[in-house]
Amino acid sequence: MESLLQQIDGYKAEMAAFTALNAEEVELFRIKWLGTKGLVKQIMGEIKQVPNEQKKAFGQLLNEFKLFAEAKLDALQGDNMAAKVQAPSSHSKDDLSLPGDSVSVGSRHPLSLVKNEMVAIFKRLGFAVAEGPEIEDDWHNFGAMNLPEDHPARDMQDTFYIKKPIDGNGPTWLLRTHTSSVQARVMETQKPPIRVICPGKVYRNETISARAHCFFHQVEGLYIDENVSFADLKQTLYFFVQEMFGKNVKVRFRPSYFPFTEPSAEMDISCLICAGKGCNICKHTGWVEILGSGMVHPKVLENFGIDANKYTGFAFGMGVERITQLKYQVNDLRLYSQNDIRFLKQFTGVV
Ligand code: DAH
């Protein structure tokens, strides 16, 4: 009995001192001590020789010994896993202690930033967003907007035609030249009161330069209800400009002509680039045109069965590129679509 206790103590000391360098050594430890023919099993068999009155106490001792061996094995297995993670074997090419590659975060396109801001401002005034197709028929882009086929103002729009019927039958397909086509789509499906803005891409057959492009973006606005007046139009647009550019910016309205509005006006703001002193952007006038607008022409309302004696409305359309140019001083339209990372990166973090 005495010698058994000594043996157990000796075994414990041996196990406690044991260290393993790799998984194979851990496995050898397991086989030696806890395997089916291991020393723990062997010594547990010794209980047979112990006198009955000591069996209980000795049994407890043996149990503790077994738990000791299992705990040691657990510890060895844990250490071995940790060692694997920290120090890769010499076969591995990867040094896992090196810092990771940094992930470069993209940025929103400046036109998206400005478009989102425009939408947010008009939403605060209760406008909902409406969208329409970029491939349009002649009626929605021109006819419904009071631009019949022989109208001279059509020439100004440099239209990309996709399909013109040879015999005059069937629809003419084109790339929409303005987002005013979405006004038509909204009036076709909704009854007044209507209060929508329509952001989207438009196309015109222009030679690409710093000042012109064959596609660009517009935001259209349409408000139809009873008693909508020109004063509402002015105040809405004035609010927009102040929200977009700050309280110090000045605005002015100039009479203009659009077939779909009567009366029509263009709106200028004081040049933000030169603060009104005169520069290339404002062509040395101190003013920059930012939008076209007017009271919706009664003919347009009637095209959609809206009673022009009961309802009036205003509409406006502006270019997102122009607003972005003034906001971020981008002086070449081509930059927007060249995808030059040095340009796009300047907008990182702007939301
Ligand atoms: N559609 C015009 C254009 O592309 C812009 C415009 C002017 C839209 C006056 C309007 C408006 O709704 O009332 O040049």
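Which polar backbone atom lies 3.4 Å from an oxygen atom of the ligand? In this predicted model, it is one that belongs to phenylalanine 316.

The model is predicted, so local features need pLDDT of at least 70 and side-chain atom pairs count only at pLDDT 80 or more, while totals for chains, interfaces and linings use all residues. Residues are numbered from 1 along each chain as its sequence is written, and side-chain values use heavy atoms, with hydrogens and water left out.

**The ligand site**

The ligand is surrounded by 15 residues, of which His178, Ser180, Arg204, Gln218 and Glu220 are the closest.

| Residue | Protein atom | Ligand atom | Distance |
|---|---|---|---|
| Serine 180 | polar side-chain atom | nitrogen | 3.0 Å |
| Arginine 204 | side-chain N or O atom | oxygen | 2.8 Å |
| Phenylalanine 316 | polar backbone atom | oxygen | 3.4 Å |

On its own, the ligand has 350 Å² of accessible area, and the protein covers 91% of this; such areas come from the Shrake-Rupley method with a 1.4 Å probe. Two or more residues of the shell come from each of α7 (180-189), β6 (215-225), β9 (287-296) and β10 (312-319). These elements are DSSP runs numbered from the N terminus, with helices (H or I) of at least four residues and strands (E) of at least two. By class, the shell holds four nonpolar, nine polar and two charged residues. In this scheme Asp, Glu, Lys and Arg are charged, Ala, Val, Leu, Ile, Met, Phe, Trp, Tyr, Cys and Pro are nonpolar, and the others, Gly among them, are polar.

Strand β8 (residues 261-270) is largely enclosed by the rest of the structure, because eight of its 10 residues are buried, that is, under 20% relative accessible area with a 1.4 Å probe and protein chains only. Strand β7 (residues 251-258) pairs with β8 in the antiparallel sense over seven bridges, where pairing requires at least two DSSP bridges. A hairpin of two residues joins β7 to β8, and valine 251 has isoleucine 269 in β8 as its bridge partner. Strand β8 also pairs with β9, in the antiparallel sense over eight bridges; here serine 270 stands opposite tryptophan 287 in β9.

In helix α10 (residues 320-328), the buried residues are Val320, Glu321, Ile323, Thr324, Gln325 and Leu326. Just after α10, glutamine 329 takes a positive phi of about 55 degrees.

An automatic or database assignment divides the chain into domain 1 (2-86) and domain 2 (110-347). Their centres, taken over C-alpha atoms, are separated by 84 Å.

Conventions:
A residue is near a molecule or strand if one of its heavy atoms lies within 4 Å of it. A polar contact is a pair of N or O atoms within 3.5 Å; within protein, one must be able to donate a hydrogen and the other to accept it, and residues adjacent in sequence count only if both atoms are side-chain atoms. Buried means under 20% relative accessible area, exposed over 50%, partly exposed in between (1.4 Å probe, protein chains only).
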